[in-house]
Amino acid sequence: DSHVVVTIFCKGLKPEAVQHQVAQSSLSVTLKLDADNDWILDLHLAGEIVPAESRLDLLSTKIELWLKKRFSARWPALEAKPGAE
């Protein structure tokens with residue numbers, strides 16, 4: 001319950017094709033798939049995380065984002081409900 005892991009399956013990405021931003025309650029990932037196509041993931045997280053203790057692992061078949069939770073607890077979902085602050 002100390003981390004939440006977000007996995008994105010995508011083969012053969014180079015490090016320069018992956019941009020990510022981790023904030024206390026949000027996650028943004030942009031993948032440059034080719035010259036004309038970007039894939040974007042923007043999440044408002046259900047709980048708070050510690051950005052300085054979170055990491056991204058780029059593997060040959062996937063990307064794993066290990067997000068350290070501010071408080072060890074089980075989240076009801078990855079994303080916050082719309083309108084929840």
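Close-up 1. The term salt bridge here asks for a side-chain nitrogen of Lys or Arg within 4 Å of a carboxyl oxygen of Asp or Glu. Please keep in mind that this is a predicted model, where local features need pLDDT of at least 70, side-chain atom pairs count only at pLDDT 80 or more, and totals for chains, interfaces and linings use all residues. Residues are numbered from 1 along each chain as its sequence is written, and side-chain values use heavy atoms, with hydrogens and water left out.

**Close-up 2. Lys32 and Asp38 in a salt bridge.** Here the N to O distance is 3.4 Å. Lys32 is partly exposed at 41% relative accessibility, and Asp38 is partly exposed at 44%.

**Close-up 3. Asp1 paired with Arg74.** The closest N and O atoms of this salt bridge are 3.5 Å apart. Asp1 sits in the segment before β1 (3–9) and Arg74 in the segment after β6 (62–68), so the pair ties together parts that are 73 residues apart in sequence. Strands are DSSP runs of E with at least two residues, numbered from the N terminus. Arg74 counts as exposed, at 69% relative accessibility. The structure holds 5 salt bridges, among them the pair in this view.

Conventions. Helices (H or I, at least four residues) and strands (E, at least two) are DSSP runs, numbered from the N terminus. Buried means under 20% relative accessible area, exposed over 50%, partly exposed in between (1.4 Å probe, protein chains only).
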